[in-house]
Amino acid sequence: MDLHHERLAGDLFLARARQADLMADADAAARARRVLAARRWARRAERATRRAARASAAVR
């Protein structure tokens, strides 16, 4: 392999490594967003459950 091809191969390796890093970062960010959304929905469900329990107790 001549010097030109070695440089291209090295650049391609770096580009792929950088792409892998970006994908890993994107995966981590997406996971964090899903966790936050799940927590938000859990809190909403908890509040709805409490509200229903209070309404049920008020009817009795």
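**View 1. Met 23 within helix α1.** Met 23 belongs to helix α1, which covers residues 3-59 (helices are DSSP runs of H or I with at least four residues, strands are runs of E with at least two, and both are numbered from the N terminus). The model is predicted: local features need pLDDT of at least 70, side-chain atom pairs count only at pLDDT 80 or more, and totals for chains, interfaces and linings use all residues. Residues are numbered from 1 along each chain as its sequence is written, and side-chain values use heavy atoms, without hydrogens and water. With a relative accessible area of 46%, Met 23 is partly exposed, because that class lies between buried, under 20%, and exposed, over 50% (1.4 Å probe, protein chains only).

**View 2. Met 23 and Val 59.** The C-alpha atoms of Met 23 and Val 59 are 54 Å apart in space, and the two residues are 36 apart in sequence.

**View 3. The protein chain as a whole.** Of the 60 residues in the protein chain, 2% are buried.

**View 4. An arginine patch.** Arg 51 is placed in helix α1. A patch of positive charge on the surface is formed by Arg 39, Arg 40, Arg 43, Arg 44, Arg 47, Arg 51 and Arg 54. Patch residues have over 30% relative accessible area and no salt bridge, with like charges joined within 9 Å; a salt bridge puts a side-chain nitrogen of Lys or Arg within 4 Å of a carboxyl oxygen of Asp or Glu. Lys and Arg count as positive, and the place of an Arg charge is CZ. Accessible areas come from the Shrake-Rupley method with a 1.4 Å probe.

Note on methods. Patches are made of residues with over 30% relative accessible area and no salt bridge: like charges are joined within 9 Å, nonpolar side chains (Val, Leu, Ile, Met, Phe, Trp, Tyr) within 5 Å.
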